[in-house]
Amino acid sequence: YKSSLDTVTWTLDDLSKLDWNATYMTNEIPENDNWNTFATRKKKMLENMYKEWNVPKEGSLHYMCIRPDLSDNLKIILKPYENQKFNYNFLKLTPGCSLMWHFDTYATFVKYNNIKETQISNICRTAIMMNDWNCGQVLQIGNKMYSHWQAGDTFTWKADSWHGLANFGPSDIIIGQVTFLDDNNKYTQ
């Protein structure tokens, strides 16, 4: 499901102040804190799939900022979710890296919101494009390919929809991610 925010209030300066942490898809779960949930077990399954595919660790590099304090300019991205159970983070994908073909396990959302496995089919993820598209950047959700987005464009999918993101262009892709329960069944896979 593609849509757009009515107003973009943030600047690249707001995004540069986030506390970015290097993360690799090939080993995202910390060994000393594996959260032992159904979502984490699925994430480990994906990590094993990447090993079978011989995915190099360096190619899956991305930067995460999970649940930061938001500047007033960034708070607008949470407004549509203020009456729902949600979690948020930011992701930055630098040139030459990709997020491999995967489905979201929502491990952080599950951990912090005490989500049960029976609720997984009602979890949605919205990706908010925080900066404009540049050449060499592509998002694929299921069989649909997206490019040429503008800051404020959003993409929402449900549950275990397969997707990936590639950046073979000259600039960063920055995404705000909001995970929430779709109790009203507004979205489909």
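Me: A polar contact is a pair of N or O atoms within 3.5 Å; within protein, one must be able to donate a hydrogen and the other to accept it, and residues adjacent in sequence count only if both atoms are side-chain atoms. With the side chain of which residue does the side chain of Asp104 make a polar contact at 3.1 Å?

Reply: With that of Trp157. The side chain of Asp104 also makes a polar contact with the side chain of His163, at 3.4 Å. The model is predicted: local features need pLDDT of at least 70 and side-chain atom pairs pLDDT 80 or more, while totals for chains, interfaces and linings use all residues. Residues are numbered from 1 along each chain as its sequence is written, and side-chain values use heavy atoms, with hydrogens and water left out.

Me: Is Asp104 buried or exposed?

Reply: Buried means under 20% relative accessible area, exposed over 50%, partly exposed in between (1.4 Å probe, protein chains only). Asp104 has 10%, so it is buried. Its place is the loop between E5 and helix H3 (107-113); helices (H or I, at least four residues) and strands (E, at least two) are DSSP runs, numbered from the N terminus. Beyond four places in sequence, Asp104 touches Arg125, Trp157, Ala159 and His163, where contact means heavy atoms within 4.5 Å.

Me: What is the order of the open sheet of 7 strands?

Reply: Two strands pair if DSSP finds at least two bridges between them. Here the order is E1-E9-E6-E11-E4-E3-E2, and the pairing is antiparallel. Strands E1 (2-4) and E2 (21-24) are at the edges with a single partner strand each, so one side of each has no neighbour in the sheet. Inside the sheet, E6 (residues 123-129) and E9 (residues 153-158) run antiparallel and are joined by 5 bridges. Thr126 stands opposite Thr156 in E9.

Me: How many residues has the largest nonpolar core?

Reply: A nonpolar core is a set of buried Ala, Val, Leu, Ile, Met, Phe, Trp, Tyr and Cys residues joined through side-chain atoms within 4.5 Å. The largest has 33 residues, and Phe155 and Leu165 have the most contacts inside it. Helix H2 (residues 38-52) supplies the largest share, 5 residues. Another core, of 20 residues, lies apart from it and includes Leu18, Trp20, Leu74 and Leu78.
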